[in-house]
Amino acid sequence: MCLPAIAFFIVFAYLPMPGLYLAFIQFNYSDGIFNSPFVGFNNFRFLVINGDLFRLTFNTVAYNLAFIVLGNVLQIFVAVLLNELRRKWFKKISQTLMFLPHFISAVLIGLIAYNILNYEFGYLNAVLKSFGMEPLKTYSNPDIWPFIIVLTYLWQSTGYGSIVYFAAIMGLDNEIIEASEIDGANAFQRIIYIILPWLKPTFIILLLFSLGGILKGNFGLFYNLVGANNTSLYATTDIIETYVFRSLINNFNFSMGSAVSLYQSVFGFFVVITANWLVRKYSPENSLF
């Protein structure tokens, strides 16, 4: 039963690894990968010198930290609220409505955002104009986009992400809850002293998994909301994935794109190792290895 999973990782994770050599050459089509001029770390040096590496790293890490922290907090909050609902029909309807955004395509989300935020025809500016206010130039204002992107991500992922925490709560022994009620604990005390400690191992495991991809941006969300070529928004919306996309599609610079991807993977590896070491030091039973 493990063979399909093993084959998947061999084909898509290990066989392509020789392609990392692209990060250390100046690739050209006539010579191919292994005959192109070897340039060592020049591709990485160029990223550091022109300042792109720091900007890409900061934006990607900042967005992912916001996604991880706010996402997990809201998912736990929603799971606890669902657990406290007593009417099953209302609980099922609530779960269905909260899960729906997860299945909406990022392309459709980008279309909805464009129709709301567009300067000339957007719904938001139409409302502002009706009240005699100045329209907002959203697609040329980089400062507002971190809030838009984070809120959109939370809206799309919170309901679906709460499934894991809700399932963990369902695994809690009812006798513990009943004993707390007999002892006089109210709903708030049950949540603080029983449910949240019960969710701690699940939270730590999901946190470690999320940290592994802390440099892996949500390309579909960023590309469809902002686009990859809006230079006025690069300061706050450009992440590693959009940079690699431009390198490959617009500039055909495969070597630079590979260098950024390799940096992304190595950085994520050390983040996971460090985070797991800290967890193993303070809570050994919850570490991954």
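What share of the 289 residues in the chain is buried? Buried residues make up 39% of them. Buried means under 20% relative accessible area, exposed means over 50%, and partly exposed lies in between, with a 1.4 Å probe and protein chains only.

## Model and overall fold

This is a predicted model: local features need pLDDT of at least 70, side-chain atom pairs count only at pLDDT 80 or more, and totals for chains, interfaces and linings use all residues. Residues are numbered from 1 along each chain as its sequence is written, and side-chain values use heavy atoms, with hydrogens and water left out.

The chain has 13 helices and zero strands. Helices (H or I, at least four residues) and strands (E, at least two) are DSSP runs, numbered from the N terminus. The C-alpha atoms fill a box of roughly 75 × 60 × 35 Å along the principal axes. Take the contacts between residues at least 6 apart in sequence: 65% of them join residues at least 24 apart. Contact means heavy atoms within 4.5 Å.

Two packed helices are described by the angle between their axes and the distance between the axes. Axes are lines fitted to C-alpha atoms, for helices over the stretch in contact, and angles run from 0 to 180 degrees between N-to-C directions.

Helix α3 (residues 52–84) and helix α9 (residues 187–212) have axes that come within 10 Å and cross at roughly 140°. That makes α3 oblique to α9. Angles under 35 degrees count as roughly parallel, over 145 as roughly antiparallel, 65 to 115 as roughly perpendicular and the rest as oblique. The crossing of α3 and α9 is right-handed. A crossing is right-handed if the near helix is turned clockwise from the far one by less than a right angle, and left-handed if anticlockwise.

On the α3 side, the contact is made by I68, N72, I76, V80, N83 and E84. From α9, the residues include R190, I195, L199, F203 and L206. The contact divides into twelve nonpolar, three polar and two charged residues. Ala, Val, Leu, Ile, Met, Phe, Trp, Tyr, Cys and Pro count as nonpolar, Asp, Glu, Lys and Arg as charged, and the others, Gly among them, as polar.

## Helix α9 against α7

Helix α7 (residues 145–170) also meets α9. Their axes come within 10 Å and cross at roughly 135°. The two helices are therefore oblique to each other, and the crossing is right-handed. V164, Y165, A168 and I169 of α7 meet I195, W198, L199, T202, F203 and L206 of α9. This contact divides into nine nonpolar, one polar and no charged residues.

## Aromatic pairs

The whole structure holds 23 aromatic pairs. Rings of Phe, Tyr and Trp (its six-membered ring) pair if their centres lie within 6.5 Å; planes under 30 degrees apart count as stacked, over 60 as edge-to-face and the rest as tilted. Y29 and F254 have ring centres 6.0 Å apart and planes at 90°, so the pair is edge-to-face. Y29 lies in the loop between α1 (3–14) and α2 (42–49) and F254 in helix α13 (residues 254–282), so the pair ties together parts 225 residues apart in sequence. Y29 is exposed at 60% relative accessibility. F254 is partly exposed at 26%.

Y139 and W145 form a tilted pair, 5.2 Å centre to centre with 55° between the planes. W145 is buried, with a relative accessible area of 0%. Y63, F67, Y153 and F222 form one aromatic cluster.

## S258 in α13

S258 is found in helix α13. At 16% relative accessibility, S258 counts as buried. Leaving out residues up to four places away in sequence, S258 touches L22 and A23.
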